[in-house]
Amino acid sequence: MKKSLLALSIALTSLPALSANYSIDTRIDAMGGAGTAAADYLSAGFHNPALVAMDPDSAFGVLFPVIGIQVRDPDELVDAMEDFGDVYDTFTSDPTNTSNRDNAANALSNLNNKLAYLSGGIGGAIAVPTSTISGNFFVKGYTEAIVMPEVSQADIDAISGTTGPGNVPSSLTSKGRVLAFGVVDVGLALAGNLELAGQRIAVGVTPKSQQYYTYHYEVDINNFEGDDWDSDANRTEESAFNVDLGAAWQTGPFRVGFAAKNLISQEIKTVNYTRDYTYHIEPLYTVGGAFVTDLFVAAIDVDLNEQKRFSASSGPAIVDNTQLVRLGAEFNAFGWAQLRAGYINDLEDTLDGTVTLGLGLSPFNTVHFDLAAQLIDSNSYGGSAQLAFTF
């Protein structure tokens, strides 16, 4: 992996806005993201506010920090886009050289119809379970980016000599483009328990303040630089209020959860260069089930609707919508150590299937350190880590 991809990835976790599932939680990340019924009270604000009240006898807890990053670049696109500039410069220095011409035409052609996705986030929470109303104050930030070249066949023809051997295009119309969206959530998840027909049902609500950011980096493709995308000139930002709702029901070890996130739809436009784009924040409805015991947890989450992201006012459609099914399991060694695994499948086929693994250490059930990894392919991977304290 070259430094251009590394710089782009690290920048995602160093922005003021660090959002896809909008959830950050290393324990649940290791379980395939299946947290709607299986998350604990410390991370309930990230997944389902009702879960804050599922264990009213739990202790006061602090979760900080949790940080994660994911790269999906199976074709090494970011490096190839940056390398094209050098190949093109070699061609323009001697355009009559057949090898130079072929190398430049092939390098540009190989960028066509390729995409790369990157995301990163950071967060923390403080939770206070009680026998009446339980609360979880959290802050989370998440940024996701899509790297997408726009290749013109006219440029390929001009370089290859189809329009006349030895000609150098006065300029390329092909573009290198990065679109990114970030959100910072500051929320308070409140939940309580109701008795209904002899069953305990937890219900919760999360009012939250959101700060949205978009980044739109567009440049002639021969001038693409992976670390230039997040300049202030490429950014727009807006603030808004939003709300999440959740419910959870448990009988014995079986638990069912439902979460409705971002119930107030929002749209934020990017900077307008040769094209402008709109990012959509729309309600996401997820149902989850879990089998929960002291030694073993198994969980499944299913998104009930497609999650939309960027749309274009003109030009090629953007392939970034998802609808996820998540599976996960956790094996608990008497409260001292945990092994976790999971799998993520995208019903929209935007993202490849992902295997997740994780390890947790929780000495004296007071200090909790968790690691998670996502395994996709040799150029697509992710990881996260978090530290928590319960008293």
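Phe-391 is placed in the segment after strand E17. In this predicted model, Phe-391 is exposed, because its relative accessible area is 59% and the cut-off for exposed is over 50%. The residue belongs to a nonpolar surface patch of about 960 Å², while E17 itself contributes to the lining of the largest pocket.

**Nonpolar surface patch**

- Besides Phe-391, the patch includes Phe-60, Ile-126, Val-128, Ile-133, Phe-137 and Val-139.
- Val-186, Leu-188, Leu-190, Val-205 and Leu-245 are also among its members.
- Two or more patch residues come from each of strand E2 (116–128), strand E3 (134–147) and strand E4 (175–196).
- The most is given by E4, with three residues.

**Largest pocket**

- The volume of the largest pocket is about 830 Å³.
- Its lining consists of 30 residues, and those nearest the centre are Arg-27, Asp-40, Asn-332, Asn-365 and His-368.
- Strands E13 (324–333), E14 (337–346), E16 (367–377) and E17 (380–390) each supply two or more residues to this lining.
- E17 supplies the most, with three residues.
- By class, the lining holds nine nonpolar, 12 polar and nine charged residues.

Notes:
Residues numbered from 1 in each chain as written. Predicted model: local features only at pLDDT ≥ 70, side-chain atom pairs only at ≥ 80, totals over all residues. Heavy atoms only, no water. 1 Å grid on protein atoms, 1.4 Å probe; cavity = no way out; pocket = protein on both sides within 12 Å on 5 of 7 lines; lining within 4 Å. Points joined across faces, edges and corners; volume = space filled by probe spheres on them. Helix = DSSP H or I, 4+ residues; strand = E, 2+ residues; numbered from the N terminus. Nonpolar A, V, L, I, M, F, W, Y, C, P; charged D, E, K, R; others polar. Patch = residues over 30% accessible without salt bridge, like charges linked within 9 Å, V, L, I, M, F, W, Y side chains within 5 Å. Areas by Shrake-Rupley, 256 points an atom, 1.4 Å probe, with all protein chains shown as cover. Salt bridge = Lys/Arg side-chain N within 4 Å of Asp/Glu carboxyl O. Buried < 20%, exposed > 50% of the residue type's maximum accessible area, 1.4 Å probe, protein only.
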